[in-house]
Amino acid sequence: MNDEVIRCENLVKIYNTGQPNEFTALRGINLTIKEGDFVSIIGSSGSGKSTLLNLISCLDTPTRGEVYIEETPLSKLSGNERAKLRNQKLGFIFQQFNLIHSMTAFENVELTMRFAGIEKKQRHERVEELLRQVGLENKGNNRPTELSGGEQQRVAIARALANNPKIILGDEPTGNLDSATGATIMELLTELNEDQNKTLVMVTHDPLIARKAHRTVRIKDGKLEEETKGTLIGNHNE
Ligand SMILES: Nc1ncnc2c1ncn2[C@@H]1O[C@H](COP(=O)(O)OP(=O)(O)OP(=O)(O)O)[C@@H](O)[C@H]1O
Ligand SMILES: [Mg+2]
């Protein structure tokens, strides 16, 4: 059985900001991630981490190469099919939390389930269960501005889990949190990986995340290198 959930094949991303300003952010990235894996992506600022994550998230399209999510090549999907795949298979956590400020915590968690067409009673039970899971059962009526940073990120995690995706993608999920709060968020993510077999892919500068991950890959000059315990063991490309 093939338990591969993400495969990036020869991904190249060239940003076109006008001919002389063409910028190659990714130069042939190959990366395979298996179900239940926990991968951290590290690298200096501007090295292409978010670019890679955006391609895996189907937020952006590669200039060349292909991303497969559970063997589905993303380039072959229509806009609607991509949106559906995002909604059902992927959950997202961002550095800025990206909650909708006019909505309560409850409504933020509920939103993707509304898009997925889940009926109200089931939706409400699920939101309550998720808020309990992230320890915010008493904060459902608070708006994001009435929550601490760590609490906002926990709402974002509950939202990411709403449609029970296999894969959780994070771009600097602890980047805006103090180290103690970041550690709590990391514990929650580690539990999701260990207890629910969620596949985690986390872009990070945070050594705590990189330490908890099973696998760390580093982007350097638009290329990927695999690392173990801080030691470079080889180039993943070519
Ligand atoms: N839309 C865009 N148009 C042109 N260039 C871009 C665009 N988005 C990113 N870049 C460039 O691509 C490179 C990689 O950017 P990216 O956001 O992937 O870096 P990063 O590794 O996530 O950095 P950070 O750690 O600072 O978040 C940078 O040099 C950036 O300036
Ligand atoms: Mg980034």
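The shell around ligand 1 divides into three nonpolar, eight polar and one charged residue, where Ala, Val, Leu, Ile, Met, Phe, Trp, Tyr, Cys and Pro count as nonpolar, Asp, Glu, Lys and Arg as charged, and the others, Gly among them, as polar. This is a predicted model, in which local features need pLDDT of at least 70, side-chain atom pairs count only at pLDDT 80 or more, and totals for chains, interfaces and linings use all residues. Residues are numbered from 1 along each chain as its sequence is written, while chains are lettered from A and ligands numbered from 1 in the order in which they are written.

Let's walk around the ligand. Its shell (C-beta atom, placed from the backbone, within 6 Å) consists of Y15, T17, F23, A25, G43, S45, G46, S47, G48, K49, S50 and T51. Two or more residues come from each of β2 (23-34) and α1 (49-56), and α1 gives the largest share, three residues. Helices (H or I, at least four residues) and strands (E, at least two) are DSSP runs, numbered from the N terminus.

Now follow the chain to α6 (residues 179-196). Its buried residues are G182, I185, M186, L189 and L192; buried means 20 or more other C-beta atoms within 10 Å of the residue's own, exposed 12 or fewer, and partly exposed in between, with C-beta atoms placed from the backbone. They lie on the same side of α6 because they cover an arc of only 115 degrees around the axis, taken from the directions from the helix axis to the C-beta atoms. On the other side of α6, A180, E187, E191, E194 and D195 are exposed. Just after α6, N197 takes a positive phi of about 60 degrees.
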